[in-house]
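The report below goes through a model together with its sequence. Please keep both in view while reading.

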Amino acid sequence: LSAATDTRAGAYLEGILPGDMLSSAGTVAFDVIDRGDQGTEVVGASEIKGQAFAWGKGERMLNDVINKAEQLARRY
């Protein structure tokens with residue numbers, strides 16, 4: 001994580017995607033929104049600049065973070 005802040009309805013989180021041999025470094029950002037009895041909504045986006053092909057890196061990272069957050073939420 002590179003930034004995290006509370007919002008009126010939840011939280012906003014930013015992180016850094018490290019570079020690797022297939023793609024440049026990038027960023028990932030999430031809004032976590034508390035919907036009360038309806039649950040929690042997580043909306044995320046990733047950006048890898050200067051890259052002709054991201055090779056699914058951003059999508060994999062978004063899915064990984066959402067899955068881990070869901071696992072943690074089940075513990076509480």
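Which residue in S3 stands opposite Tyr12? In this predicted model, the residue of S3 that stands opposite Tyr12 is Asp31.

## Basis of the model

The model is predicted, so that local features need pLDDT of at least 70 and side-chain atom pairs count only at pLDDT 80 or more, whereas totals for chains, interfaces and linings use all residues. Residues are numbered from 1 along each chain as its sequence is written, and side-chain values use heavy atoms, with hydrogens and water left out.

Helices (H or I, at least four residues) and strands (E, at least two) are DSSP runs, numbered from the N terminus, and two strands pair if DSSP finds at least two bridges between them. By that criterion S2 and S3 pair in the antiparallel sense over 8 bridges, and S3 is also joined to S4 by 8 bridges, again with antiparallel strands.

Helix H1 covers residues 57-75, and its 19 residues reach 28 Å from the first C-alpha to the last, close to the 27 Å expected at 1.5 Å a residue (the expected span is 1.5 Å times one less than the number of residues). The buried residues of H1 include Lys57, Gly58 and Leu62, where buried means under 20% relative accessible area, exposed over 50% and partly exposed in between, with a 1.4 Å probe and protein chains only. Seen down the axis of H1, the buried residues fall within an arc of 130°, so they line one face of the helix; the arc is that of the directions from the helix axis to the C-beta atoms.

What covers these buried residues includes strand S2 (10-17), strand S3 (26-34) and strand S4 (40-47), contact being heavy atoms within 4.5 Å. The face of H1 turned away from its buried side carries the exposed residues Glu59, Arg60, Gln71, Arg74 and Arg75.

## Salt bridges

The structure holds 2 salt bridges, each defined as a side-chain nitrogen of Lys or Arg within 4 Å of a carboxyl oxygen of Asp or Glu. Arg35 forms one with Glu41, the closest N and O atoms being 2.6 Å apart; Arg35 is partly exposed at 40% relative accessibility, and Glu41 is partly exposed at 31%.

Asp64 and Lys68 meet in a salt bridge at 3.3 Å, N to O, and both lie in helix H1, 4 residues apart, about one turn of the helix.
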